[in-house]
Amino acid sequence: MVVRKRVNRSVAPLAAAVALFLAANPAKAETQGYVISWFATATYNLDFKGNCPEDRNGGQIAYRLRTLKQLGYADDVAKAIVQDEEHPLAKEANLKAETRAVVNGKPASIYNYPEAVPDPNLELSSGKYAYGFDLDGKTNPNDFEDPDTGLKVDNQLWRAVGCTESFTATPPDKPYYEDLTWNLMVDSAPGWSLRISGEDLSKDGPVKIVLDRITQHLDRNAAGGILHNMTYVIDPSPRSHNEFNGEIKDGVLWVKKGGNLYLEGEMPYHHEIALENTHMRITRQENQEIAGYWSGYLNWKNWVYMYTARPVNGEDTIGIYYALKKSADADPDPKTGQNRMISATWRMEAVPAYLADISGKIVATPASASQPLQKLADSSGE
Amino acid sequence: MKNVRVSLRRGLIAAVSLVSLAAATPAIVVWAADTAPAADEPTSVRLSPSQFRQTIADVFGTGIVISGRFEPEVREQGLLAVGARKASITDMGLERYDELARNIAAQVVDERNRVTLIPCKPKSATAADDACARTFLASAGKLLYRRSLNDGELAALVKVAGDSANGLKDFYAGVGTSVANMLVSPNFLFRYKFVEADADNAGKFRLDSFSKAQALSYLLWNSTPDAMLIDAAESGKLHTKAGLQFQVDRMLSSPRVEGGIRAFFSDMLGFSDFEVLSKDPMFFPRYTIRVKEESQEQTLRTIVDHIVKRQGDYRDLFTTPNTFLTRALASLYAVPLVETTDNGQPMRWIPYTYPEGDPRAGILAHASFVALHSPAGRTSPTGRGKALRENILCQAVPAPPGNVDFSAVEQASRELSTARERLAAHATQPMCAGCHKITDPMGLALENFDSSGGYRTTENGAQIDTNVEVSGVKISGAAGLAKAIHGDPAAVSCVAKRIFAFGAGRLPLATDVEWNRIEKAFASSKYNVLSLMREIALSDLFYRPQNIQLASASGK
């Protein structure tokens with residue numbers, strides 16, 4: 001499946017590279033149900049040197065050393081503090097680092113007052129590839145190329161964060177801190193559902209995609225993944241209800257210019273997903289799961305808030321703040337000219353599920369269960 | 001407290017090895033070493049883990065947490081309940097029981113529980129109060145020992161409680177010491193059968209009334225007799241027909257009968273094997289620890305609903321579309337199950353009815369059967385067929401020879417994709433073919449269920465064929481097998497015998513006139529299991545001592 005392959009994806013023609021979306025599961029006028037089993041900023045970092053030739057951002061250790069030196073600690077003392085959390089100076093040094101912003105002459109939290117700290121000028125991604133879509137319909141020097149489709153891509157979020165350590169992953173590997181956060185919260189936070197409806201989902205044609213929040217958290221399987229074929233109830237609140245018109249073409253489900261998307265979350269990282277000019281591309285895996293990318297413009301300050309709200313993110317938060325601010329590419333503020341939105345892409349994965357409305361009526365069934373029982377696949381391996 | 005406990009425990013180790021504790025039950029004839037009963041007649045039966053738990057729950061409430069492992073159980077004649085007659089307690093096992101006893105006793109006298117469990121308040125919480133201790137220990141001891149304590153026993157327990165209380169300056173700790181002592185006493189850990197001369201039939205013998213009460217209580221409730229039953233035993237009413245009938249009907253109408261049904265079917269269906277059951281999570285990710293636990297509960301709930309609440313025909317358990325599921329189990333079976341509780345609430349059990357003709361109907365299609373009798377990574381039609389023959393039909397299946405080559409069965413290949421193909425190859429070994437003819441057809445009918453209980457139609461890409469022939473009858477799939485079991489007289493005969501053995505610790509003789517009458521009554525009741533239990537509980541056969549010779553009876 002295309003989303004699982006890590007090589008030669010950059011130039012492969014889409015029709016040849018992707019598997020048929022639903023070809024293995026012919027059914028008529030059905031609605032298939034899924035729950036989002038994993039969600040994070042889309043990353044693509046097979047060629048780190050190509051993306052980040054200067055390699056000057058470093059990771060958590062490099063960031064801490066830089067900060068401590070800026071605060072006036074000698075090299076050997078800074079190294080000792082970084083290497084030993086119990087170092088006598090560690091507590092004081094950490095406090096100084098986190099309150100090095102100066103507001104009205106007093107130290108203040110850098111997270112609350114990022115503009116009160118100088119721009120550390122992180123290296124931005126200058127590589128060729130990023131996942132996403134052509135959001136603005138224009139060709140410009142900042143465009144990336146999608147490694148799956150070969151089409152041009154607006155994804156300035158990737159440009160801003162692509163050279164930081166926790167985003168060095170490439171699917172199926174996941175960006176470390178977002179993966180960690182998701183795994184911490186998935187057992188308690190209500191999940192999100194996805195419904196796909198169409199006259200004949202085994203063929204190309206128009207489909208409708210509906211996204212909602214559900215009232216229950218997801219449940220894990222014995223291998224730590226998300227259980228297939230569980231039944232979830234859709235939250236009746238319209239706040240997180242989203243409908244998009246899409247199309248299955250050459251087996252891939254596309255949504256283009258889908259308008260706004262809003263999903264309320266509870267996680268420290270993904271407290272909300274809010275996109276404008278939503279685009280989607282979704283493919284099916286052999287195990288009935290689906291995976292794909294959602295793209296659009298998001299408020300870059302909200303993204304930074306998500307990032308800094310997460311405990312111990314281990315990255316140069318202020319550097320990322322400035323990187324996003326500089327990379328933002330849409331919705332200029334009429335007064336300052338500063339762009340308020342940034343093009344971005346999320347990667348999502350979802351597993352088959354039964355979905356019910358609040359009255360208990362089943363409104364979507366898993367792809368496998370929508371067939372006659374006799375057609376169910378060998379369940380070994382789900 | 002520790003010194004007291006240690007010295008008592010040493011004494012108890014010796015007491016356990018002696019088994020018969022005549023002093024505990026004066027005026028009752030016990031087995032003499034030279035007058036041992038027939039081999040199939042148990043004189044003492046160790047409490048099973050489930051009986052231990054249920055008894056503690058019934059005496060002290062369900063709030064008492066019992067954590068710890070028990071002595072291993074032995075299965076005989078298809079039941080752990082029969083094997084329990086040969087079970088002893090090892091030194092290490094006694095250490096475990098001692099730990100359990102201390103833990104339970106500490107909870108009983110804990111500040112949270114003492115107000116409700118101890119019916120009196122001591123004059124001082126920091127000193128002995130013999131009167132209060134006696135009141136509590138007499139009432140608790142009656143339920144734990146399943147009879148009233150004699151004066152000597154009670155005095156000893158009160159003294160231990162008092163000495164301990166004064167030493168520790170804590171009345172409740174003192175009482176706790178005596179509770180712990182009772183919980184490691186053979187009088188609690190073992191159920192004894194004592195016989196006495198039958199006053200109504202000169203020259204004959206019968207179980208004494210306390211032994212009768214215990215047999216009745218553990219058959220119907222899997223727990224200790226309650227105060228009313230012990231009172232009936234003490235008054236002698238249990239020896240009268242009307243008195244026995246009153247108690248049996250009272251007990252069968254109690255909600256506690258559910259405990260007896262659950263314990264019996266857990267034993268009959270071999271649920272103790274779940275302790276060592278595991279599945280490969282890479283192949284069967286839906287088989288979680290939760291599903292493993294809940295699959296047993298699914299079957300037990302289905303059985304209790306069918307047998308206790310609906311009073312249904314036992315045979316219909318194999319075909320009933322009615323069951324109970326949680327969302328996790330529904331995921332395993334790939335069926336929708338809507339639950340509208342708030343996020344974070346425990347999953348609820350929800351009634352579920354399969355559509356007509358669905359192969360997942362009936363308890364043989366539950367994961368508690370098809371998963372329990374499958375190895376970690378594949379199914380075993382042989383294992384399932386063997387379990388069906390032995391557990392459901394009471395038929396014996398010989399063990400495989402020691403030098404069998406299982407490679408054809410265990411390893412899938414391009415040529416041998418399905419279990420049917422692999423077993424056919426294996427059966428070419430002449431020494432294997434005979435037994436596999438007995439087991440495999442039934443198991444192959446269940447091949448649409450993978451090792452975890454999930455439904456499938458293919459194995460390694462090949463279509464699964466579930467058409468088989470059993471004793472000349474063609475059967476198709478799980479539904480066909482369920483119908484065949486439903487109509488097999490061996491199924492009802494088996495459950496009847498096993499229920500009798502569950503309570504009596506021995507199988508009934510098939511030629512026994514009384515047993516034949518019970519079997520006919522079972523059929524007349526349309527195989528109502530509660531009616532069967534009533535017939536057994538009211539029959540002389542159930543309480544009849546076997547092959548008694550009491551040379552020392554009069555001398556006692």
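Predicted model: local features only at pLDDT ≥ 70, side-chain atom pairs only at ≥ 80, totals over all residues.
1. Setting aside neighbours within four places in sequence, Phe70(B) makes contact with Pro49(B), Phe52(B) and Arg96(B). The residue sits in the loop that links helix H2 (49-60) to helix H3 (80-83) of chain B. Its C-alpha atom is 9.7 Å from that of Ile89(B), and the two residues are 19 residues apart along the chain. Phe70(B) counts as partly exposed because 18 other C-beta atoms lie within 10 Å, while a buried residue needs 20 or more.

2. Next, have a look at helix H4 of chain B, residues 91-108. With 18 residues at 1.5 Å a residue, H4(B) should span 26 Å, and its end C-alpha atoms are 25 Å apart, so the two values agree. Several of its residues are buried, among them Tyr97(B), Leu100(B), Ile104(B) and Val108(B).

3. In helix H8 (residues 300-309) of chain A, the buried residues are Trp300(A), Trp303(A), Val304(A), Met306(A), Tyr307(A) and Thr308(A). Their cover includes helix H6 (156-161), strand S13 (290-299), helix H9 (317-327) and strand S15 of chain A.

4. Strand S15 (339-356) of chain A comes up again where the two chains meet. There, 32 residues of chain A are in contact with 26 residues of chain B. Along with S15(A), strands S7 (205-217) and S8 (230-233) of chain A each give two or more residues to the side that touches chain B. By class, that side of chain A holds 14 nonpolar, 15 polar and 3 charged residues.

5. Within chain B, the domain assignment lists domain 1 as 2-28 + 46-192 and domain 2 as 261-486. Their contact draws 6 residues from domain 1 and 8 residues from domain 2 of chain B. On the domain 1 side, the residues divide into 3 nonpolar, 2 polar and 1 charged.

6. Finally, a hairpin in chain B. Strand S9 (residues 467-470) and strand S10 (residues 473-476) of chain B run antiparallel and are joined by 4 bridges. One pairing to pick out is Glu469(B), whose bridge partner in S10(B) is Lys474(B). Which residue in the turn has a positive phi? In the turn, which puts 2 residues between the strands, that residue is Ser471(B), with a phi of about 50 degrees.

Technical notes:
Residues numbered from 1 in each chain as written. Chains lettered and ligands numbered in written order. Domains from an automatic or database assignment. Contact = placed C-beta atoms within 7 Å. Nonpolar A, V, L, I, M, F, W, Y, C, P; charged D, E, K, R; others polar. Pairing = 2+ DSSP bridges. Buried ≥ 20, exposed ≤ 12 C-beta atoms within 10 Å, placed from the backbone. Expected span 1.5 Å × (residues − 1).
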